[in-house]
Structure formats: structure tokens, C-alpha cells
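Here are my notes on this model. Please read them with the structure open.

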2 protein chains.
Amino acid sequence: MGKQRIYTISELASEFGITPRTIRYYEEVGLLASTRESQNHQRLYDARSRARLKLILRGRRFGFSLGEIKEMIELYDVDPTQKEQLRRTIEYGDRKIAEVEEMIADLIQIKEEMLEFRERFTGLLTDLEQKEERGKAGV
Amino acid sequence: MGKQRIYTISELASEFGITPRTIRYYEEVGLLASTRESQNHQRLYDARSRARLKLILRGRRFGFSLGEIKEMIELYDVDPTQKEQLRRTIEYGDRKIAEVEEMIADLIQIKEEMLEFRERFTGLLTDLEQKEERGKAGV
DNA sequence: GCATGTGCTTACGTTTACGTCAACGTTATA
DNA sequence: TATAACGTTGACGTAAACGTAAGCACATGC
């Protein structure tokens with residue numbers, strides 16, 4: 001088995017650069033469950049929860065809303081014996097894959113444009129520097 | 001010269017699938033200027049404004065805040081005769097290019113994972129279907 | 001044994017990015 | 001000429017995603 005490290009809420013928070021409040025909020029909206037230490041009522045997280053949090057933050061990074069993220073993550077919880085559920089999940093996944101492909105294509109185009117832009121600017125800069133050199137030489 | 005089509009606010013809005021209010025809001029926060037038909041006070045947009053709006057929406061699509069988008073777009077307005085300004089812009093641009101590259105890499109990884117996931121599910125599905133077939137044959 | 005740190009719940013506050021509505025002006029059309 | 005249709009400027013409303021603060025419980029080091 002994998003090592004079963006468990007994490008407190010502030011451990012996870014500082015690891016991912018977020019606040020405990022954020023994690024509690026994700027629980028509040030049903031995105032991330034936690035087990036509780038009996039007696040203490042303290043939230044505890046295992047490797048699985050940690051992975052799930054990572055997924056959430058990854059989605060957030062690309063501008064998905066928590067609602068969309070929830071929809072996507074819940075695919076991991078599909079019942080693998082229900083044909084109709086499997087089919088719907090695959091279909092939904094195909095749409096999401098297409099979306100991601102589109103995003104990749106767009107980002108590549110954006111990068112190209114930024115590079116062109118960068119070259120224009122470095123060109124302008126070296127022009128200015130050469131002008132300055134000639135100025136100095138002229139004196 | 002390029003054809004100088006001009007656009008009303010609702011033309012632009014419907015073209016990009018947003019509302020006039022959104023465009024007015026972008027003006028309110030200093031993201032998108034408009035010329036006004038004198039007398040009428042009606043907002044009008046040329047090709048340049050339209051391109052700028054496109055940039056804004058592209059940034060939004062990838063989860064950038066309007067603040068970040070503003071910072072990025074303002075690079076287009078740099079004074080091309082100021083060396084220090086040019087240098088800073090290039091430096092900033094390099095950071096943004098690196099960010100975009102990272103996003104692309106991450107998205108590619110996400111896509112890979114989604115594809116693996118998809119294969120597991122199609123596998124499960126064909127298993128189920130085969131089981132069903134054998135069941136029918138048994139009768 | 002008490003202060004300090006960590007966590008809990010509850011609840012109200014805040015920022016971003018618009019939505020929505022009122023009250024009004026201008027232009028095309030029947 | 002009146003009535004849509006489209007535009008304008010306020011101004012208030014709102015959903016999402018947390019921030020923040022109060023009041024309390026529990027553990028731990030000195």
C-alpha cells in the first residue's frame with residue numbers, strides 16, 4: 001500500500017498556497033470531503049483528498065468555476081457497472097477533451113503572437129541602441 | 001488602408017456573444033475606449049477597438065482577471081522610443097510567455113490524463129457489453 | 001495551571017464582473 | 001405623430017469565491 005500520511009487543514013493549505021478558509025469553503029460547497037478526528041472534530045485529509053484538492057486547484061487555474069470543476073471531478077465517482085452512466089461519462093469526457101484541445105490550440109496561437117510582438121520590440125530596442133552608438137561615435 | 005467599418009455597441013456584443021452592458025463595463029474600468037457620435041453620444045467602435053475587445057475576451061477565457069488583462073494589453077501602448085520602457089515591456093512579456101508555455105504544458109498533461117481515463121471507461125463499457133452478449137447467447 | 005497555538009462554527013463583509021431597471025433622448029417606421 | 005427600437009447615464013442588485021472576526025474547544029509547553 002502507499003504510505004498513509006494524513007494532513008491537517010493548515011498543512012494542506014500552506015502546501016498549496018491557499019488558506020484554510022478556502023479548503024473549508026470547498027467542503028461547504030461539496031467539492032472536498034474530510035474525515036474528522038472523533039472527539040476533536042478536527043478535519044483530516046488523506047492522500048486521496050489531497051489529490052482531489054490538487055485537481056480542484058488545477059481546474060481553478062484555468063478559469064473553470066467551482067461548479068464546472070465539481071461536475072468534472074464527479075466523473076471519477078461514476079458507477080463502473082452502469083452502462084448508461086458510463087456512456088454519458090464518456091460522452092461528457094469527449095466534450096471536455098475537445099475543449100482542452102481548443103484551449104491548447106488557442107494558447108499556442110497566443111504564444112506565437114507574443115513571440116512576434118517580442119521580436120518587434122527587441123528590434124526597436126537594438127535600433128535605439130545602435131542610434132545611440134552612432135551618436136557617441138559622432139562626438 | 002483597411003476598410004474602416006465601424007460598429008455599434010450591440011453589433012459588437014452580438015458578434016462576440018456578450019451583452020452591451022459588458023462592453024460598457026470594460027469602458028468603465030478603462031479597458032476599452034470608444035469614440036462617440038457627436039450630438040448623439042452613441043458609442044462607436046472601429047477595427048482597432050474590436051481587436052482590443054477580442055483580446056480582452058481571450059484573456060477572460062483563460063481565467064485572467066480584468067486587472068491582469070489590462071496590464072497585459074497596455075503593453076501594446078508602450079512608447080517605442082523609450083529604451084527603459086521597451087526593456088521592461090520585453091521582460092514582462094518574457095514572463096508572460098513563460099506562463100503561457102507552462103499552461104500549455106499543463107493542459108497537455110491534463111489531456112493525456114483525460115484520454116487515459118476515457119480508455120479505462122470505454123474498456124469497462126465493452127466488457128459490460130460482452131458480458132451481456134454472452135448472457136443472451138446462454139439463453 | 002495558564003497562556004499560546006490550532007482548529008471549529010457561525011455569520012457578516014468584500015471584491016469582481018457583470019445583471020437589471022428606471023428615466024430619458026434620438027431615429028426609423030407605420 | 002406616435003410608437004417601437006436602440007441608445008444613454010445613473011444606480012442598485014447579485015452570484016461566486018472567498019476574507020475576516022467573534023466566541024468557543026482542545027492540546028501543549030513552560
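Which backbone N or O atom lies 2.9 Å from a phosphate oxygen of DNA strand C?

1. The atom belongs to B:Leu66: a backbone N or O of this residue sits 2.9 Å from a phosphate oxygen of DNA strand C. Bear in mind that the model is predicted.

2. Side chains make phosphate contacts as well. An N or O atom in the side chain of A:Arg24 is 2.9 Å from a phosphate oxygen of DNA strand C.

3. Now the wider surroundings. DNA strand C is surrounded by 18 residues. The closest are A:Ser10, A:Arg43, B:Thr19, B:Tyr26 and B:Arg60. Of the atoms of DNA strand C that come within 4 Å of the protein, 74% are from sugar and phosphate.

4. The make-up of this surface is worth checking. It has 8 polar, 6 charged and 4 nonpolar residues.

5. Which elements supply it? H2(B) gives the most, with 4 residues.

6. The largest nonpolar core has 49 residues. Those touching the most other members are Ile23, Leu53 and Leu107, in chain A and in chain B.

7. Take B:Leu53 from that group. Beyond its neighbours within four places in sequence, B:Leu53 is in contact with B:Leu12, B:Phe16, B:Ile18, B:Ile23, B:Tyr26 and B:Leu32. One of these, B:Tyr26, is also among the closest residues to DNA strand C.

Key:
Residues are numbered from 1 along each chain as its sequence is written. Chains are lettered from A and ligands numbered from 1 in the order in which they are written. This is a predicted model: local features need pLDDT of at least 70, side-chain atom pairs count only at pLDDT 80 or more; totals for chains, interfaces and linings use all residues. Side-chain values use heavy atoms; hydrogens and water are left out. A nonpolar core is a set of buried Ala, Val, Leu, Ile, Met, Phe, Trp, Tyr and Cys residues joined through side-chain atoms within 4.5 Å. Buried means under 20% relative accessible area, exposed over 50%, partly exposed in between (1.4 Å probe, protein chains only). Contact means heavy atoms within 4.5 Å. A residue is near a molecule or strand if one of its heavy atoms lies within 4 Å of it. A polar contact is a pair of N or O atoms within 3.5 Å; within protein, one must be able to donate a hydrogen and the other to accept it, and residues adjacent in sequence count only if both atoms are side-chain atoms. Helices (H or I, at least four residues) and strands (E, at least two) are DSSP runs, numbered from the N terminus. Ala, Val, Leu, Ile, Met, Phe, Trp, Tyr, Cys and Pro count as nonpolar, Asp, Glu, Lys and Arg as charged, and the others, Gly among them, as polar.
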